[in-house]
Amino acid sequence: MSEWLSTLGYSLADIDRLNVIHVAGTKGKGSTCAFTESLLRAYGQRTGFPSKTGLYTSPHLTRPEERIRINFEPLDQHRFAKYFFEVWDVLSKLSKRPRYLQLFALFATHVFMREGVEAAIYETHHGGEYDATNFFHKPIATIITPLGIDHAKQLGPTLNNIAWHKAGIFKTGAVAFAAAQDPGPADVLRNRAAEKKVDLRFVSDEPDLPKNSLQLKPDVQRGNCAVALACLRSFITATHRTESLQLGDIQQGVASFEWPGRFQYIGEGNQHWFLDGAHNEMSVVKAAEWFIEASGQVENPATRILIFGQVSEQREAPDVLSELARALDTLEFDHIIFTNFSCGKPLGGFKVTRVTRAEIHLGHSLESALDYAVKLGAETGRVHTFVTGSLHLMGATLRYLTAREGITSMN
């Protein structure tokens, strides 16, 4: 990556001026990045620094421009095309060209440099030690979000294996922040921090966070924001700011937070949609807990629907679904729809024993599944539809719902 950056005209010292916060983990990476950006932006609006934030995340939900944001706004199409070809016209002439995710990380860095970004948050793709984003020499801080089993074919079959990879983003001189972890992976993070002479701080809560903010529901989001806030305090110190963080900055940053496709509720007349891009065994449990709580705050449905689908070959959809079924044990669904977002794997053999009276639908396209939910809503009245299993599923669902009228949304 450093050679390609050099070819584009950037040294590692140039990249250091972006004041990077690098984020790895299994669950909550995107939300933690978004909380970090929102808090930084709120602080910058009052103090003048940072005047511009950059945010690089993946994957995108509805369009590629979402991966690269300036002050949280996705790059517009004109600048996206302009900056992309500034990068591609140089790198495409090389005998060794970057692969897709490598190219996107380089592209994002070029955008941030050209746009004069003063604080940049980068989300790893997966892993950390060998991730395409792990080219920073002196980040300001690093973050590890909650760890779980994911991408096991690349990262290893145990939490300790995964923790070793994630801790690869630690850099000497940059404080590292971590969400609360199981004892084994927590020890791995501590050992790797000691090897690199990194100050590692575990964060469970921040007393200055608002007590009853919708943006901090469910509790896992409060944990994500707590880590982001602890990181912001360190960022202010490390960048030698004279203006201290104020409670109003925190409140504004939390209130401004949004992250589509994660714990997202959308109301449309009698249709109530609950969307979460949970895609591994750990995250679907949190998504189910959120759905139970959030749907309980909306008037009782005449019909309850679950739409589930996965696209990744890196996970076993039956294992993820089994955890989801256990977590939803207290609810009865009327319909369960398995979309063809499941890599062609046969779904007919799944035994959803805890959803005994549900009518099972197999092999629907997502559009037909959503159409069916709308049809049931028209026929039966209030419908609660829970869509989960994949971030890609969220993107397609949001495109579908955005095209409809009467949408109201809250995170």
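Let's begin with arginine 63, which counts as partly exposed because its relative accessibility is 35%, a value that lies between the 20% limit for buried and the 50% limit for exposed. Keep in mind that you are looking at a predicted model. The partner of arginine 63 is glutamate 65: their side chains form a salt bridge, with 3.8 Å from N to O. Glutamate 65 has a relative accessible area of 8%, so this residue is buried.

Now turn to another pair, glutamate 86 and arginine 114, whose side chains meet in a salt bridge at 2.5 Å, N to O. How accessible are the two partners, glutamate 86 and arginine 114? Glutamate 86 is partly exposed, with 24% relative accessibility, and arginine 114 is partly exposed as well, with a relative accessible area of 40%.

Salt bridges can also share partners here: Lys52, Asp76, Arg79 and Glu115 are joined into one network in this way.

Our last stop is the salt bridge between lysine 27 and aspartate 276, where the closest N and O atoms are 4.0 Å apart. Lysine 27 lies in the loop between strand 1 (20-24) and helix 3 (29-47), while aspartate 276 belongs to strand 10 (residues 271-276), so the pair links parts of the chain 249 residues apart. Both lysine 27 and aspartate 276 are buried. Altogether, the structure holds 20 salt bridges.

Definitions and conventions
Residues numbered from 1 in each chain as written. Predicted model: local features only at pLDDT ≥ 70, side-chain atom pairs only at ≥ 80, totals over all residues. Heavy atoms only, no water. Helix = DSSP H or I, 4+ residues; strand = E, 2+ residues; numbered from the N terminus. Buried < 20%, exposed > 50% of the residue type's maximum accessible area, 1.4 Å probe, protein only.
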